[in-house]
Amino acid sequence: MFEHFKMFGEKIMDAEEKILMERISKIKETDKSFGEKAKAFQQTLAMPPGSLGRLQEIAVQLSCISQKLFVPLQKRRIIVLCADNGIVQEGVSVTPQSVTLSQAENMTQGKTGMSSLARFFGDEVQVVDVGMIEQSKNPLVLDKHIRRGTESFLRKEAFSKSEAIRAILLGMDLAKEAKTFGISLLGTGEMGIGNTSTSAAVLCALTEEDAEKIVGRGSGLSDLNFAHKKSVIKEALSFHRLQKNSVLEIMHTVGGLDIAAMCGVFLGAAEQSLPIVIDGFISVVAALCAYRLTPVVKDYIFASHESAEPGFKIACKEIGITPYLNLQMRLGEGSGCPLAFQILLAAEAMMSGMASFSEAAIDSSYLKNL
């Protein structure tokens, strides 16, 4: 049953690790028979075959997840995982680390890029502190911190394996809670200065790709600072010598608590049979971690937009997914999710509102000649 958990790397597991293994092992593939029903229904709709393209693909995937032909997506939530990263000590970012806390609080008031879009479209935003250095005094920032910030991974592990497992389980529980409150569609977001560095390091380790192909400028580094960022990540990876199949080890050695918790949200969405949207670079790396733990998670995820970070395409290729939008966005926070939500809603509208050939009084016999 637990064959794919050899990547956990230890024969003796503690209680939390056993719980994680058991929960992941119970995640099921979606029911493809409902996808076939959705395809058959689409053939009755008053349009040439395949003419609504990827909207039809989305509708099929949603039917497989929900085991319903018509999938209401009325309650949508973006879960934003916030954490500070010790690698900032090495000069990989020009943005002050205090911005993590400030923006986490701003998200609760609809003042950031993501939260302003979410408020406009009527999406819920849940801001969760999983590892910020300073605790927020804002009651709308949910305090679930695993620890207060991480270590610099240049010469030591960013955080412990136990903390990584706890973060993943937290993310799974956040998805479970969302299902309990009637959420029908999840999105993922993050806030943490330095997390393009942690994500790049994790992706390099997972794929064994050279840092030159993966590391991006993040929040607008100069050429000199960009070169330094790549140098730090290369040096750290050389020091730790991580194995590409050791997902947990990679995550806690060079990753961030936001990545670990977000990985858990993807796993939790699959566990709860909820569709979930990837945002940008940090989000797709977390999704890849979840995918490596159990490939079944792919059945439940939708990619929103193509991030400008160079590693984004590499991570998408590893999972086998393609984003729906390319708006040259690189903000993070979950900003692609409110936009992608509308695309999924459009797929729902096609299925629930479009007339059939008979209802539209159109003779469909011409289709036989196509």
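Good morning. In helix 2, the residues Lys32, Phe34, Gly35, Ala38, Lys39 and Gln42 meet Gln56, Ala59, Val60, Ser63 and Cys64 of helix 3, where contact means heavy atoms within 4.5 Å. By class, this contact of helix 2 with helix 3 has 5 nonpolar, 4 polar and 2 charged residues. Here Ala, Val, Leu, Ile, Met, Phe, Trp, Tyr, Cys and Pro count as nonpolar, Asp, Glu, Lys and Arg as charged, and the others, Gly among them, as polar.

The model is predicted: local features need pLDDT of at least 70, side-chain atom pairs count only at pLDDT 80 or more, and totals for chains, interfaces and linings use all residues. Residues are numbered from 1 along each chain as its sequence is written, and side-chain values use heavy atoms, with hydrogens and water left out.

Helices (H or I, at least four residues) and strands (E, at least two) are DSSP runs, numbered from the N terminus. Helix 3 covers residues 53-66.

I turn now to the second largest pocket. Which residues lie closest to its centre? Of the 17 residues that line the second largest pocket, they are Glu57, Gln61, Lys298, Asp299 and Ile301. A pocket is an open set of points on a 1 Å grid over the protein atoms alone, where a 1.4 Å probe fits, with protein on both sides within 12 Å along at least five of seven lines; lining residues have an atom within 4 Å of a point. Helix 3 gives the most to this lining, with 6 residues. The lining of the second largest pocket divides into 8 nonpolar, 4 polar and 5 charged residues.

Key. Axes fitted to C-alpha atoms, helices over the stretch in contact; angles between N-to-C directions.
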